Amino acid sequence: MSITRQVRVGSVLIGGNAPIAIQTMSTFSPVDTDYAASQINALHKAGADIVRVAVPDKKAAEALRDLRKLVTVPMVADIHFDYRLALTAMESGIDALRINPGNIGKRENVVKVVTMAKEKHIPIRIGINAGSLPEHILNEYGGHPTAEGMVAGALEHVKILEEEGFYDIVISVKSTDVPMMVKANRMLHEKVKYPLHLGVTEAGTLYRGTIKSSVGIGALLLDGIGDTIRVSLTDDPIKEVKAAKEILSSVGLQQYGPVLISCPTCGRTQVKLIDMAEEVERRIEKFKKPIKVAVMGCAVNGPGEAREADFGIAGGKGTGLVFRKGKVLRSVPEAELIDALMEEIEKYEKEGE
Ligand code: SF4
């Protein structure tokens with residue numbers, strides 16, 4: 001594992017030894033400024049470190065100025081082809097650009113963008129998508145998208161920026177094909193020191209998309225590859241942020257508040273465990289401390305099986321147990337079990353305040 005170069009996106013550091021930054025994308029145009037602002041603020045509150053916004057035209061680029069005043073989270077302007085939009089976005093206070101310098105025409109256009117980005121300390125993300133590799137790359141690499149082609153495509157854009165003396169670069173090589181995306185990032189990690197933004201693109205709806213993203217992003221993070229991530233879902237972007245947080249916590253990199261552990265249930269279960277687990281999951285969201293909370297189906301094995309949990313409950317017929325680190329704290333009527341668990345966690349949250 002090698003340490004990448006560090007860049008700054010507003011108040012957030014990416015690369016080097018910085019924590020993995022969670023990104024998502026607003027579903028509103030900056031032109032719908034109030035809607036975009038309230039969504040972006042909600043995404044920030046949910047845990048997004050950086051939010052990307054699509055900037056399809058001049059109006060959108062100009063609207064970034066008002067949007068900037070309404071949100072504090074760093075924003076990335078997503079721009080295709082038109083270098084003038086990049087200039088306007090930077091003048092409007094954007095914190096980073098996602099633009100491919102090879103797609104913005106003449107060299108002098110690149111120079112204009114790079115000059116302003118340098119002046120304003122704005123990094124540029126080069127984003128390669130397997131589905132939109134240029135003809136010459138496809139021809140060179142067998143006529144269809146490949147990891148090798150994605151890497152070659154990314155390096156072409158990198159070279160353009162480096163030739164202008166610009167190095168505040170982040171790279172993404174995304175594909176909807178998980179093995180291809182993993183391979184491309186591994187190859188890129190060997191070749192460059194720039195921070196990598198990981199994502200499985202067009203991953204799908206909540207269930208499938210979360211699994212695909214977890215496998216692709218998770219495999220790379222476990223190898224020490226990746227500096228910032230986006231889970232891409234056909235769903236509310238709040239769910240992208242939640243999934244990203246779960247991925248980071250599953251690979252042991254960051255834990256955001258409590259995590260739920262629950263047993264799969266078996267023939268010993270005598271309570272409605274699925275409902276109980278869902279309720280506990282909902283109610284522990286408000287806590288800040290990174291604790292593990294267990295919801296187990298039986299009082300005989302539950303406390304022992306969930307010994308690693310900081311707090312937990314185990315259901316029984318009519319009565320259940322509240323336990324901490326495998327030790328039973330109290331026995332309470334089933335109907336009061338979740339409230340009793342919350343009380344214990346609340347007491348613990350207040351400790352050291
Ligand atoms: S905790 Fe009890 S109910 Fe849950 S899987 Fe283990 S033995 Fe079965």
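How many salt bridges does the structure hold? The structure holds 23, a salt bridge being a side-chain nitrogen of Lys or Arg within 4 Å of a carboxyl oxygen of Asp or Glu. This is a predicted model: local features need pLDDT of at least 70, side-chain atom pairs count only at pLDDT 80 or more, and totals for chains, interfaces and linings use all residues. Residues are numbered from 1 along each chain as its sequence is written, and side-chain values use heavy atoms, with hydrogens and water left out.

**Stop 1: salt bridges**

Select E279 and R283. Their side chains meet in a salt bridge, 3.0 Å from N to O. Both residues sit in helix α10 (residues 273-283), four residues apart, about one turn of the helix. Helices (H or I, at least four residues) and strands (E, at least two) are DSSP runs, numbered from the N terminus. E279 is partly exposed at 27% relative accessible area. R283 is partly exposed too, at 29%. Here buried means under 20% relative accessible area, exposed over 50%, and partly exposed in between (1.4 Å probe, protein chains only).

Now select R330 and E343. This salt bridge is 2.9 Å, N to O. The pair links distant parts of the chain, with R330 in strand β15 (residues 327-333) and E343 in helix α12 (residues 337-350), 13 residues apart. R330 is partly exposed at 26%, and E343 is partly exposed at 43%.

E344 lies in α12 and R330 in β15, 14 residues apart. E344 is buried, at 11% relative accessibility.

Move to R107, K159, E163 and E164. Salt bridges that share partners join them into one network.

**Stop 2: pockets**

Next, select K242, K245, E246, Y256 and E285. Of the 27 lining residues of the largest pocket, these lie nearest its centre. On a 1 Å grid over the protein atoms alone, a pocket is an open set of points where a 1.4 Å probe fits, with protein on both sides within 12 Å along at least five of seven lines; lining residues have an atom within 4 Å of a point. The largest pocket holds about 920 Å³ of space, a volume being the space filled by probe spheres set on the points, which are joined across faces, edges and corners. Colour α9 (237-250), one of the elements that give two or more residues to this lining. The largest share, seven residues, comes from α9. By class, the lining has 13 nonpolar, five polar and nine charged residues. Ala, Val, Leu, Ile, Met, Phe, Trp, Tyr, Cys and Pro count as nonpolar, Asp, Glu, Lys and Arg as charged, and the others, Gly among them, as polar.

Then select H80, R98, G127, N129 and S132. They lie nearest the centre of the second largest pocket, which is lined by 29 residues. Its space is about 600 Å³. β7 (124-129), α6 (147-163) and β8 (169-174) each give two or more residues to the lining. That lining divides into seven nonpolar, 14 polar and eight charged residues.

**Stop 3: strand β3**

Finish at residues 21-25, strand β3. Five of the five residues are buried, so β3 is largely enclosed by the rest of the structure. A21, Q23 and M25 point one way, I22 and T24 the other. Show β10 (residues 228-230): three bridges join it to β3, and the two run parallel. Q23 stands opposite R230 in β10. Strand pairing needs at least two DSSP bridges. Show β4 (residues 50-54): it too runs parallel to β3, joined by three bridges. The partner of T24 in β4 is V51.
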